[in-house]
Amino acid sequence: WVLYNIPPDINSLAEHITSATLPSGTSEGLNDWQRTGYGGPCPPIGRHRYFHKLYAPDVELEGLNKPTKADVETAMQRHIIAQAELIGTCQK
């Protein structure tokens, strides 16, 4: 799920949140299936790693129209003031 422009006063997202219930001002980009929204893990055979990245940019990202993860990362370049990463695994 590619989310950006999450308001800075938001410190968590509710379990089972949907596109319709995102905090006001939050924007969505295209996920790996070229759709908006959360698609859940879909690992190939064996164990697969999932990287969850959170960035704190010092600007609101404007002018993006259903961007990919790469588009959002490019727009944030030189504006990231903090970041975090969580790696999870899933196995079939």
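Which polar atom lies 2.8 Å from the backbone nitrogen of Trp33? It belongs to the side chain of Asn31, and the tour returns to that residue below. The model is a predicted one, in which local features need pLDDT of at least 70 and side-chain atom pairs count only at pLDDT 80 or more, while totals for chains, interfaces and linings use all residues. Residues are numbered from 1 along each chain as its sequence is written, and side-chain values use heavy atoms, with hydrogens and water left out.

**The whole chain**

Display the protein as a cartoon. One helix and four strands are present, and along the sequence they follow the pattern β-β-β-α-β. Helices (H or I, at least four residues) and strands (E, at least two) are DSSP runs, numbered from the N terminus. The C-alpha trace spans about 40 × 30 × 25 Å along its principal axes. Of the 92 residues, 21% are buried; buried means under 20% relative accessible area, exposed over 50%, and partly exposed in between, with a 1.4 Å probe and protein chains only. Among contacts with a separation of 6 or more, 57% are between residues 24 or more positions apart, contact meaning heavy atoms within 4.5 Å.

**Glu28**

Select Glu28, in strand β2 (residues 27-28). Glu28 is buried yet has no salt bridge, and the nearest side chain of opposite charge, that of Lys66, is 8.6 Å away. A salt bridge is a side-chain nitrogen of Lys or Arg within 4 Å of a carboxyl oxygen of Asp or Glu; for charge, Lys and Arg count as positive and Asp and Glu as negative, with His and the chain ends not counted.

Next, show the side chains of Trp1 and Ser19. The side chain of Glu28 makes a polar contact of 2.7 Å with that of Trp1 and another of 2.8 Å with that of Ser19. A polar contact is a pair of N or O atoms within 3.5 Å; within protein, one must be able to donate a hydrogen and the other to accept it, and residues adjacent in sequence count only if both atoms are side-chain atoms. Leaving out residues up to four places away in sequence, Glu28 also touches others, including Leu22, Thr36, Gly37 and Pro67.

**Asn31**

Move on to Asn31, in the loop between β2 and β3. Asn31 counts as buried because its relative accessibility is 7%. Beyond its neighbours within four places in sequence, Asn31 is in contact with Trp1, Val2, Thr36, Gly37 and Gly39.

Select His16, in the loop between β1 and β2. His16 has a positive phi of about 65° although it is not a glycine. Most residues other than glycine have a negative phi. His16 is exposed, with a relative accessible area of 70%.

Arg78, in the loop between α1 and β4, also has a positive phi of about 65° without being a glycine. Arg78 counts as exposed, at 78% relative accessibility.

Ala20 is found in the loop between β1 and β2 and is exposed, with a relative accessible area of 75%. Its C-alpha atom is separated by 18 Å from that of Asn65, 45 residues apart along the chain.

**The largest pocket**

Finally, display the surface. The largest pocket has a volume of about 1800 Å³. Of the 48 residues that line this pocket, the closest to its centre are Trp1, Val2, Leu3, His52 and Lys53. On a 1 Å grid over the protein atoms alone, a pocket is an open set of points where a 1.4 Å probe fits, with protein on both sides within 12 Å along at least five of seven lines; lining residues have an atom within 4 Å of a point. Strand β3 supplies the largest share of the lining, ten residues.

Methods. Points joined across faces, edges and corners; volume = space filled by probe spheres on them.
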